[in-house]
Amino acid sequence: MIPARKKRDARKSVRQSAWITLDGGFAARPCTVIDLSATGARIETEDPREVAAGFRLAFSRDARSGRQCKVIWRRGRTLGVEFIR
């Protein structure tokens, strides 16, 4: 029996500036959201080594709004993240 594949949500190309917030919002690193879906995103950052396994992705500099994320994969400067509900 072949296992069922998990269907991925449709991604929308956005190329939008955002911020990775660390340390409870006290530190913010700029990034670019390359594409976005209801369950996750693909982002690009200058130094992915500074990005922890879990962080908040904010679309405004004040970081009052955003989504908690978990890094699923890393390839060079690009990260795949899953939104944590």
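This report describes a predicted model of one protein chain.

## Basis of the model

Local features need pLDDT of at least 70 and side-chain atom pairs count only at pLDDT 80 or more, while totals for chains, interfaces and linings use all residues. Residues are numbered from 1 along each chain as its sequence is written, and side-chain values use heavy atoms, with hydrogens and water left out.

## Overall fold

The protein chain has six strands and zero helices. Its pattern along the sequence is β-β-β-β-β-β. Strands (E, at least two residues) and helices (H or I, at least four) are DSSP runs, numbered from the N terminus.

Of the 85 residues, 33% are buried. Buried means under 20% relative accessible area, exposed over 50%, and partly exposed in between, with a 1.4 Å probe and protein chains only. The accessible surface of the chain is about 6000 Å², and carbon and sulfur atoms hold 50% of that surface. Such areas come from the Shrake-Rupley method with a 1.4 Å probe; for residues, only the protein chains shown count as cover.

## Strand 6 and its partners

Strand 6 covers residues 78-83; five of its six residues are buried, so the rest of the structure largely encloses it. Strand 3 (residues 40-44) pairs with strand 6 in the antiparallel sense, over five bridges. Two strands pair if DSSP finds at least two bridges between them. In this pairing Arg 42 stands opposite Gly 80.

Strand 5 (residues 67-75) also runs antiparallel to strand 6, through six bridges. Here Arg 74 faces Leu 79. The hairpin of strands 5 and 6 has two residues between the strands, and its Gly 76 takes a positive phi near 60°.

## Nonpolar core

The largest nonpolar core has 16 residues; Ile 20, Ile 43, Phe 55, Leu 57 and Val 81 touch the most other members. A nonpolar core is a set of buried Ala, Val, Leu, Ile, Met, Phe, Trp, Tyr and Cys residues joined through side-chain atoms within 4.5 Å.

Ile 20 is in contact (heavy atoms within 4.5 Å) with residues including Ala 28, Cys 31, Ile 43, Val 51, Phe 55 and Leu 57.

## Charges over rings

Arg 67 lies over the face of Phe 83, 4.3 Å from the ring centre. The charged end of Arg 75 sits over the ring of Trp 73, 4.2 Å from its centre. A charge sits over a ring if NZ of Lys or CZ of Arg is within 6 Å of the ring centre and within 35 degrees of the ring normal.

Conventions:
Lists of a residue's contacts leave out its neighbours within four places in sequence.
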